[in-house]
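Let's take a walk through this structure together. Have the sequence and the 3D view ready, and we'll go one step at a time.

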Amino acid sequence: METDSSRRNFLVAGLSLPVAGLASTPAYQASQAPTARVDEEIRPYYCRMCHQCSGQRPKDVPVPETIRYLAYADFYGQFALGRERFLALPEEARALRCGDCASCAVRCPNGVHVSERLAGAQSLFA
Ligand code: SF4
């Protein structure tokens, strides 16, 4: 099922970070079940900026940055900021289109649908 952008926006806004010292308590772990479910729902869309994909790019596509700029528009309603940042990327990075590659070489260990998100940013901001 496709998650629409309004719901993703709501889900991302509701994510919480663990409080130091509480992460191992049963009460805390029980409270995180909804968060884990939300995390799974947004996983294909939300880049964690871990940069584990950085060495996989056959062309010099700034993967995490581009996906983050799309998130500004998708999750936070900040289209102008996302487009401004996208347009500040080097010209050769902006000129690339995910359709230029036969298949995507980037495998995100966090489950982000990289080529889909890059194509979305390229389509929305270019
Ligand atoms: S796309 Fe995946 S591997 Fe690359 S920085 Fe984002 S979360 Fe990490």
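Helices here are DSSP runs of at least four residues, numbered from the N terminus. Keep in mind that this is a predicted model.

Now let's see what else H4 meets. Look for H4 at residues 63–76 and H7 at residues 114–125: their axes come within 9 Å and cross at roughly 60°. That angle makes H4 oblique to H7, and the crossing is left-handed. On the H4 side, the contact uses Val63, Thr66, Ile67, Tyr69, Leu70 and Ala73. Facing them in H7 are Val114, Arg117, Leu118, Gly120, Ala121, Leu124 and Phe125. Ten of the residues in this contact are nonpolar, two are polar and one is charged.

What about H5, at residues 79–87? Its axis and that of H4 come within 6 Å and cross at roughly 160°. Angles over 145 degrees count as roughly antiparallel, so H4 and H5 are roughly antiparallel to each other. Here too, H4 passes H5 in a left-handed crossing. Thr66, Tyr69, Leu70, Tyr72 and Ala73 of H4 make this contact with Phe79, Leu81, Gly82, Arg85 and Phe86 of H5. By class, the contact of H4 with H5 holds seven nonpolar, two polar and one charged residues.

Terms used. Residues numbered from 1 in each chain as written. Predicted model: local features only at pLDDT ≥ 70, side-chain atom pairs only at ≥ 80, totals over all residues. Axes fitted to C-alpha atoms, helices over the stretch in contact; angles between N-to-C directions. Helix = DSSP H or I, 4+ residues; strand = E, 2+ residues; numbered from the N terminus. Parallel < 35°, antiparallel > 145°, perpendicular 65-115°, else oblique. Left-handed = near helix turned anticlockwise from the far one by under 90°. Contact = placed C-beta atoms within 7 Å. Nonpolar A, V, L, I, M, F, W, Y, C, P; charged D, E, K, R; others polar.
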